[in-house]
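Please open the structure in your viewer and follow the stops below in order, selecting the named residues as you reach them.

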Amino acid sequence: GNTGIQISRLYGSDLFPDWPSYNLIKNCTSYGNADSGYEDADGFAAKLTVGEGNVFDGCVAYNNADDGWDLYAKVETGPIGAVTIQNCVAFLNGYLEDGTKAGNGNGFKMGGDSLPGNHKLYNSFAYDNKAKGLDSNSGPNIELYNCTSFNNGGANVALYTNDRADTAYVVDGLVSFRTNSMEVGETFKLK
């Protein structure tokens, strides 16, 4: 009925020092997750209320109604701790297994509400997602290392923020490639 594997606080009264920290999600596959409105069910999420040091390693997310990964933060609860995603794959998110078009459909959604997170994505691959492959989702300071983004419905790579005065993206060893939808460009709004 919602995200396959999610890290978030247990109680609404928990403050940042009590938010879940230093969890390792390793070699897991999360697919076919869908909520009734097709808007919230991600493959993996560390969002809204997570502390420092959470890691996803060697995981695969596909055919989830919303995003492969979602690291969404919102102003009401404030920034979340830095999350590391490494050696992971996200594909066909935003499409259910029967081909139904569903939610947003980003491969790796790395932020929200223009809040800093300093999230890092290493050695990971996004392809054939309904929307963007690698999406800062307004997070101003994500880092991408040795990643590949291929044939996503929206931009393969989107680095932008809305309300921040500046950005501090780090990108090294990134490959973005298309064999279809050649008119779809990347999204870079650097400040």
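A residue is called buried here when its relative accessible area is under 20%, exposed when that value is over 50%, and partly exposed in between. With that cut-off in mind, select Cys 147, whose relative accessibility of 1% places it among the buried residues. Please keep in mind throughout that this is a predicted model.

Stay with the cysteines for a moment. A disulfide is a covalent bond between the sulfur atoms of two cysteines. From the sulfur of Cys 147, the closest cysteine sulfur is that of Cys 88, and because the distance is 9.7 Å, the two are too far apart for a bond. Cys 88 is likewise buried, at 1% relative accessibility. The count of disulfides in the model is zero, and Cys 88 takes part in none, its nearest cysteine sulfur being that of Cys 59 at 4.7 Å.

Next, display the strands and look for the open sheet, in which six strands with parallel pairing follow the order β3-β6-β9-β12-β15-β18. At its edges stand β3 (29-31) and β18 (175-177), and since each has a single partner strand, one side of each is left without a neighbour in the sheet. From one strand to the next, the twist averages 5°.

Because Tyr 122 lies in strand β11 (residues 120-122) and Tyr 145 in strand β14, the pair ties together parts that are 23 residues apart in sequence. Tyr 122 is partly exposed, with a relative accessible area of 27%. Then select Tyr 31, Tyr 62, Phe 91, Phe 125 and Tyr 127, which ring pairs link into a cluster.

For the last stop, go to Ser 136, in the loop between β13 (134-135) and β14 (143-145). Is Ser 136 buried or exposed? Its relative accessible area is 0%, so Ser 136 is buried. The side chain of Ser 136 reaches the backbone oxygen of Tyr 160 at 2.9 Å. Leaving aside residues up to four places away in sequence, show the residues that Ser 136 touches, among them Met 110, Gly 111, Ile 142, Ala 158 and Tyr 169.

How values were computed. Residues numbered from 1 in each chain as written. Predicted model: local features only at pLDDT ≥ 70, side-chain atom pairs only at ≥ 80, totals over all residues. Heavy atoms only, no water. Helix = DSSP H or I, 4+ residues; strand = E, 2+ residues; numbered from the N terminus. Buried < 20%, exposed > 50% of the residue type's maximum accessible area, 1.4 Å probe, protein only. Polar contact = N/O pair within 3.5 Å; in protein donor to acceptor, adjacent residues only side chain to side chain. Contact = heavy atoms within 4.5 Å. Phe/Tyr/Trp six-rings, centres within 6.5 Å; stacked < 30°, edge-to-face > 60°. Pairing = 2+ DSSP bridges. Axes fitted to C-alpha atoms, helices over the stretch in contact; angles between N-to-C directions. Disulfide = S-S within 2.5 Å.
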